[in-house]
Amino acid sequence: MSSTPTSAAPRALHLNAFILSTGHHEAAWRHPDVEPARALTLQHYVDIARTAERGLLDSVFFADGVALHGNVKHNTHSAFEPLTLLSALAASTTHVGLIATASTTYNHPYTLARAFASLDHLSGGRAGWNIVTSAGQDEAGNFGLKSRPDHEARYARATEFVQLAQALWDSFDDEAVIADKASGIYADTNLIAPINHKGEHFEVRGPLNIRRPVQGYPLLVQAGSSESGKEYAARFAEAVFTAQQTLEEAQEFYADLKARLAAHGRRPQDLLVLPGISPIIGRTEEEAKAKAAELNGLINPAYGLAQLSTMLDHELTEADLDGPLPPVAAGTEGNQSRKQLVLDLSAREGLTVRQLIERLAGGRGHRVFAGTAVQVADQIQGWFEEGAADGFNIMPPTLPAGLDDFVEQVVPELQRRGLFRTEYTSSTLREHYGLARPANPNLSRQHQRQHRQTDQDQTGRDHTDRDHTEQGQTEQDLTTKENAA
Ligand SMILES: Cc1cc2nc3c(=O)[nH]c(=O)nc-3n(C[C@H](O)[C@H](O)[C@H](O)COP(=O)(O)O)c2cc1C
């Protein structure tokens, strides 16, 4: 897919709120300010999404796995299926983008393409899809499999899956519905066509039974950082979530990912890199550090060991907490990049198992930073200006208070520095991120021109939005029918 920016705006900082139950710190639910039962109610998420919108954030994002994680004895779980939850949040918000995680391993492209098109229409163009291949071992058993498919097999299926979803979104053009009462023509069937896809994993006739999304496609987000994860991102993703511990690692990842885009006919600005940061914010540095210590004091080592075992794909529950990390072979069929990050962190800093658990407790490998709003803003600005990030995945340590702190203290500081928007100037998620609406490759330019003319004659409507967002497309782009079909 080629995308073209809608304007030559200056480089803008982007902020996405990564919302996880009671917060990202693994002991958040035990904190005195947190009410764990609230995380099982819609109101908890309505309040949080409205806070994100008050802070003018680009989007809120919900992670998901299709199994109850094995450690629910000691921690909360994400109760709600993200597309369902975000449909409810679409009605409680007006601007903030809504990014749902959905698996390409345990879904079917037709149902998922339809669900995302629905969310996009229902929210007025605010849907985003965090495309995951489901690296966890627990999920396979819920779908009749003995173990998760191998890493490469998951990415191969994810490739066909997303191409097929794109072909389905393109199969029912958004201008196909004419609803001309006088002639009795409801839809222009020249603009609706089957895709007749027969691939390695799927056979789908199409067309989709819903019009093309408001945004053309929902914003496509991805978070794999292995070699195949990065190649996948370079080909399809428009935003990438990533865990990076140090500025140098983040710069290397950023440069690597951006350099891969040209091979896919894309430009560096067509993909935004958003590392995670869990900011623990205090009025003073001492207060922030005390908050971090208070949270770490609530850690349950048994839970930490189980988490570490999952991240390293290596049984460690009997490990000596005060000894070094036992030898762990590199590589996994699960989450490759996170395993490497943990091994690197442990080796670089020579941590004991207990210290490693503590370092991972705040963000599961994402960067945790405790400081004042000014210090947090310094970190964000530094990474943004030094080639490490286009924005950040903000991971509040506790919810809702951690997001309140960020919106009330850090956002104004970023605005004072001229780094962040002071009002929403756009309405769709793609527009917030400065990304173009992809043209429908099934329509020739001539067809589009003719169609617009007919449409204007018949309804008097002028499709300036469509003209505007697709004006940068070349004739070749528009005539290419490069569907997965
Ligand atoms: C910020 C972030 C959020 C993620 N959210 C999910 C999720 O909700 N569900 C999921 O199955 N995987 C999630 N992942 C995992 C990735 O989709 C991917 O499986 C992982 O990064 C390993 O990919 P790799 O083996 O290519 O490195 C997330 C990763 C990151 C960095």
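In what follows, Ala, Val, Leu, Ile, Met, Phe, Trp, Tyr, Cys and Pro count as nonpolar, Asp, Glu, Lys and Arg as charged, and the others, Gly among them, as polar. The model is predicted, and local features need pLDDT of at least 70, side-chain atom pairs count only at pLDDT 80 or more, while totals for chains, interfaces and linings use all residues. Residues are numbered from 1 along each chain as its sequence is written.

**Shell around the ligand**
- The shell (residues whose C-beta atom, placed from the backbone, lies within 6 Å of the ligand) holds 22 residues, of which Ala63, Gly224, Ser226, Gly229 and Ser337 come nearest.
- Two or more residues of this shell are given by each of strand S4 (127–132), strand S10 (239–242) and helix H9 (336–349), where helices (H or I, at least four residues) and strands (E, at least two) are DSSP runs, numbered from the N terminus.
- By residue class, the shell consists of six nonpolar, 15 polar and one charged.

**Cis peptide bonds**
- Gly206 and Pro207 are joined by a cis peptide bond with omega of about -5°, and Pro207 lies in the loop between strand S8 (203–204) and strand S9 (219–222).
- Leu399 and Pro400 are likewise joined by a cis peptide bond, with omega of about 5°, and Pro400 belongs to the loop between strand S13 (391–394) and helix H12 (401–416).

- Leu56, which is not a glycine, has a positive phi of about 60° and sits in the loop between helix H1 (42–54) and strand S2 (59–62).
- Asp313, also not a glycine, has a positive phi of about 55° and is placed in the loop between helix H8 (301–312) and H9.
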